[in-house]
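Work through these exercises with the model open beside you. Try each task before reading its solution.

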Amino acid sequence: MTMQTKNPAAEPTVSASRRVFLQQAAAAAAASVAASSVLTAAEAGLDPNSANWKYAICNETFGDWPQEKIFRFAAQCGYRGVEIAPFTIDPDVRKISAATRAQLREQAERAGVELVALHWLLAKTEGFHLTSPDASVRRDTAAYLVELGRLCHDLGGKIMVFGSPKQRNLLPGVSREQGTAHAVEVLQSVAPALAEWGVVLALEPLSPRTTNFMSTAAEAVEVAERVNAPNCRLLLDCLAMCSEAVPPADLIRKHRSWLVHFHANDRNSQGPGMGDLDFVPIFRALREADYRGWVSVEVFNTAPGGEAIARQSIEYMRSVERQIAG
């Protein structure tokens with residue numbers, strides 16, 4: 001049975017007292033995320049000389065594998081988390097039943113992994129757009145993002161990655177300032193509802209080849225600053241960072257205070273270590289930034305196959321950890 005619950009984003013007005021409560025909830029959610037990311041190595045059961053990364057991998061890497069099989073295999077490889085693309089469960093998250101959500105979470109727990117985040121939030125959907133000049137489209141987009149937040153919470157996740165390049169591109173006739181204002185409006189309306197579930201929205205810069213909006217880390221931070229919500233932060237992605245003039249390690253250092261989630265991939269769109277991108281300076285910068293969030297493998301070229309990508313990626317990242325520790 002599909003869950004049918006009240007949609008906070010669809011409410012036309014919010015009382016002053018409720019607004020105060022939601023602002024407090026947003027601050028508490030951000031504090032909770034921060035606290036969960038600063039466990040000592042001993043508390044986490046990790047080598048204090050390592051970078052203490054928590055590795056995850058995106059589920060679409062494995063194509064049409066059953067989700068339970070993905071969870072088990074990821075755990076066998078050494079991943080502690082799996083990141084979910086909602087369309088792999090159902091193109092419309094509103095149709096994912098409470099029973100299915102509970103089953104996925106139970107399968108992950110039984111396999112020994114966490115369902116840490118959602119990404120590709122608007123992929124395979126119709127009628128949603130972050131920067132649309134149409135107010136009704138923006139309202140529908142906000143309402144759907146709230147439903148995604150509900151799904152993230154139900155699965156036990158804490159991060160929603162906003163990538164979805166097609167659904168954020170500046171449309172013809174929409175200036176950058178207008179598009180930014182539209183995006184900020186949508187994200188500000190969504191943030192309080194996500195905060196009630198302890199979910200953080202991570203804005204993902206993508207290369208100019210992929211999108212014409214938030215195509216640099218600085219642009220994503222500018223949007224987050226204007227949203228001005230504790231649970232609107234930044235994701236950095238290695239492939240996307242390679243399109244910038246500033247080296248990835250320097251981007252990490254520059255935006256460290258905004259960084260809440262990290263995607264690991266090579267410049268050839270495959271997994272870390274499967275191309276020519278050197279992760280030593282990248283991981284060293286993450287360690288210097290005291291980053292304790294997830295390092296999640298996201299690939300766009302799955303030609304080598306899910307098994308090879310998963311194994312080679314984590315083996316390479318662990319070898320980089322050893323180099324840094326040495």
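**Exercise 1. The contact of H10 with H11**

Which residues in H10 meet which residues in H11?

Solution. 
- Start with the ground rules. This is a predicted model, in which local features need pLDDT of at least 70, side-chain atom pairs count only at pLDDT 80 or more, and totals for chains, interfaces and linings use all residues. Residues are numbered from 1 along each chain as its sequence is written, and side-chain values use heavy atoms, with hydrogens and water left out.
- Find the elements. Helices (H or I, at least four residues) and strands (E, at least two) are DSSP runs, numbered from the N terminus. H10 covers residues 280-288 and H11 covers residues 306-325.
- List the pairs of faces. From H10 come Val280, Phe283, Arg284 and Arg287; from H11 come Met317, Val320, Glu321, Gln323, Ile324 and Ala325. Contact means heavy atoms within 4.5 Å.
- Sort them by type. The contact of H10 with H11 holds six nonpolar residues, one polar and three charged. Here Ala, Val, Leu, Ile, Met, Phe, Trp, Tyr, Cys and Pro count as nonpolar, Asp, Glu, Lys and Arg as charged, and the others, Gly among them, as polar.
- Axes are lines fitted to C-alpha atoms, for helices over the stretch in contact, and angles run from 0 to 180 degrees between N-to-C directions. H10 and H11 are therefore roughly perpendicular to each other. The cut-offs: under 35 degrees is roughly parallel, over 145 roughly antiparallel, 65 to 115 roughly perpendicular, and the rest oblique.
- H10 and H11 make a right-handed crossing. The near helix is turned clockwise from the far one by less than a right angle in a right-handed crossing, and anticlockwise in a left-handed one.

**Exercise 2. H3 and its surroundings**

Describe how H3 packs on H4, then say what the buried residues of H3 pack against.

Solution. 
- Take the angle. H3 (residues 67-77) and H4 (residues 98-111) pack at about 25°, with their axes 9 Å apart. That makes H3 roughly parallel to H4.
- Take the hand. H3 passes H4 in a right-handed crossing.
- Name the contact residues. Gln67, Glu68, Phe71, Arg72 and Ala75 in H3 meet Leu104, Gln107, Ala108, Arg110 and Ala111 in H4. Five of the residues in this contact of H3 with H4 are nonpolar, two are polar and three are charged.
- Turn to burial. Gln67, Ile70, Phe71, Phe73, Ala74 and Cys77 are the buried residues of H3. Buried means under 20% relative accessible area, exposed over 50%, and partly exposed in between (1.4 Å probe, protein chains only).
- Name the partners. The buried residues of H3 pack against S1 (54-58), S2 (81-84), H4, S3 and H11.
- Check the end. Just after H3, Gly78 takes a positive phi of about 110°.

**Exercise 3. The buried face of H7**

Why do the buried residues of H7 line one face of the helix?

Solution. 
- List them. In H7 (residues 217-227), Ala217, Ala220, Val221, Val223, Ala224 and Val227 are buried.
- Look down the axis. The buried residues of H7 fall within an arc of 160°, so they line one face of the helix. The arc is that of the directions from the helix axis to the C-beta atoms.
- Find the partners. These residues pack against H6 (176-196), S5 (200-203), S6 (232-237) and H9 (248-254).

**Exercise 4. Ser296**

Where does Ser296 lie, and what is it in contact with?

Solution. 
- Ser296 lies in strand S8 (residues 294-297).
- Its relative accessible area is 0%, so Ser296 is buried.
- Leave aside neighbours within four places in sequence. Ser296 is then in contact with Ala56, Ile57, Cys58, Glu83, His261, Phe262, His263 and Ala264.
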